Amino acid sequence: MDRRLFLSWPAAGALAACHPARPELPGGFTGIDVARGHALRDALARGPSQAPARRVRTRVVIAGGGVAGLAAARALRLAGVQELALLELEDEPGGNSRGTQVAGLACPRGAHYLPVPGDDAREVQDLLEELGLRRRVAGRWQYDERQLCHSPQERLYWQGAWHEGLLPVDGVGADTLAQYRRFARRVRELFRAARFAMPTIKLWVSNQPLATVHQALDALVFDDWLDREGLHDRHLRWYLDYCCRDDYGAGSAVVSAWAGIHYFASRHGFQAPGEPDDEERDAVLTWPEGNGWLTQRLAAPWRAQGQLHTGASVLRIAEGRHGVEVDALVHASGEVVRWQAERCIVALPVFVALRVVESPPDFLRQAAARLAWAPWLVANIHVDRPLQDRPGAAPAWDNVLRDHETRGGLGYVDAGHQRLNVGAQIAGPTVLSYYQALGDWPDGRAQLLERPWTVWRDAILATLARPHPDIFERATRMEITRYGHAMSMPRPGLQQFLGQIGLQPLPGKRYQLLNGERVPVPATPATRRLAFAHADWSGYSVFEEAFTRGMGAGMLSA
């Protein structure tokens with residue numbers, strides 16, 4: 001066992017010694033082929049790729065099969081473009097929104113929910129209508145209740161007991177409650193002073209600066225802004241730090257004040273205890289496999305038509321006067337295929353795009369120099385029956401641990417929670433998906449890639465043993481997915497920078513959604529034949545950002 005790692009989980013080593021995991025507990029690293037990614041990096045460092053074994057012509061190539069790439073393919077379909085090739089490095093598309101199975105039970109490998117989208121996310125609303133999740137009934141929009149998160153939705157483990165909700169309320173003093181109300185008031189004031197939107201791309205207008213309020217918040221670290229506001233309460237600060245880790249992969253000492261406020265102001269506000277409840281405001285859609293439910297359906301048409309090419313590493317993207325060339329290594333055969341097309345949608349992380357695009361535009365170079373990415377770990381733990389629980393709130397979908405320092409640990413979601421309406425399955429096995437953000441570990445990426453999986457396994461089990469003392473006996477398998485560059489972190493100055501680079505003016509250009517609504521094509525980083533689509537261009541990674549950017553790049557390329 002690695003002593004330095006265990007020191008990051010106080011008392012974890014002692015717990016593991018007292019309650020050893022099943023000696024034969026199987027599992028390991030899965031989901032991301034780290035060796036394949038590093039082989040691509042090394043091949044690019046060596047210089048020009050090998051000569052292509054064959055050439056294929058198509059109309060549009062999409063490099064990258066994450067949410068943005070899948071959304072771009074959907075946009076092309078809506079525009080009547082069926083001739084395309086979608087290239088993806090991994091064996092399954094979906095990026096951070098993929099699902100899997102452990103011991104036959106579906107569970108997420110990354111993002112595990114989608115908040116009910118507001119009207120700024122028209123493209124996401126349209127997708128949900130297409131998938132039958134959203135429909136108009138008696139003049140009002142309704143969502144499929146089977147896919148909305150069942151109650152209880154969330155709980156907090158703190159001081160040896162479970163508490164309802166994630167904001168500490170029980171046992172806190174009047175000063176803490178006053179600080180909650182003060183922060184809620186400031187969020188409302190800032191929301192009234194300047195529009196916040198999800199996705200942020202709807203706020204950006206080419207060659208125009210961000211609103212003054214956004215600029216002021218973007219200039220500060222969130223912790224510094226909270227200090228200036230006199231918001232020092234430790235319970236409030238813990239919760240806000242958790243929220244930043246949850247959405248951005250790093251805490252309030254790393255991300256900007258803009259990001260800290262945007263987390264609330266762009267979606268659901270901040271509700272202090274005692275304020276009127278708004279269940280609709282907090283509603284989220286979720287599935288046992290998380291957002292993999294969405295990406296599987298986005299990928300299905302192209303998989304069926306043979307236009308989705310997985311296990312294909314993009315080596316080179318070259319833009320010419322009359323078209324583009326995209327070289328990709330097909331790992332199953334070892335051959336390089338050259339795709340020749342009219343246009344290419346570069347739906348790759350910015351640091352990858354910089355390496356594969358020949359003569360990259362200045363805005364791509366600048367973005368790669370400014371962005372930083374948070375490492376991330378997702379552990380799916382199969383348990384053979386419900387775990388023993390400490391006192392307090394009943395088991396929930398989202399279970400957050402605050403009882404001790406976990407250095408970025410976010411707790412777990414129960415992948416079987418959506419089955420709770422099926423009585424026979426309540427007492428059966430399930431999968432707990434544990435999340436660990438490593439964005440503010442100085443050596444997080446190195447530890448993630450270098451430590452044996454058993455080090456992570458034993459530390460995670462020891463962490464979960466505090467609220468669930470029988471986890472060592474109940475766990476039957478653990479599969480760990482590592483994301484070395486899971487998401488870009490919205491650090492100070494990033495929004496002001498990203499809002500002003502590479503945005504091709506599209507005056508008056510609109511496109512039609514499936515429901516007949518016409519929406520403007522979002523301003524998109526682009527050259528003459530390349531359109532860039534990835535959540536990196538928003539400075540942080542959530543489904544709404546990646547999907548809307550992909551739709552915009554797809555319509556621009558149609």
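Author: Helices (H or I, at least four residues) and strands (E, at least two) are DSSP runs, numbered from the N terminus. The model is predicted, so local features need pLDDT of at least 70 and side-chain atom pairs count only at pLDDT 80 or more, while totals for chains, interfaces and linings use all residues. Residues are numbered from 1 along each chain as its sequence is written, and side-chain values use heavy atoms, with hydrogens and water left out.

Reader: ok, where is Thr 200?

Author: Thr 200 is in the loop between α6 (174-193) and α7 (212-218).

Reader: Buried or exposed?

Author: Thr 200 counts as buried because its relative accessibility is 0%; buried means under 20% relative accessible area, exposed over 50%, partly exposed in between (1.4 Å probe, protein chains only).

Reader: And what does Thr 200 touch?

Author: Leaving aside residues up to four places away in sequence, Thr 200 touches Trp 258, His 262, Gln 495, Ser 538, Tyr 540 and Glu 545. Contact means heavy atoms within 4.5 Å.

Reader: Which strands pair with β20?

Author: Strand β19 (residues 398-401) pairs with β20 in the antiparallel sense over two bridges, where two strands pair if DSSP finds at least two bridges between them. Strand β21 (residues 430-437) also runs antiparallel to β20, joined by four bridges.

Reader: Which residue is the bridge partner of Asp 414?

Author: Leu 432, in β21. For Asp 398, the partner is Val 413 in β20.
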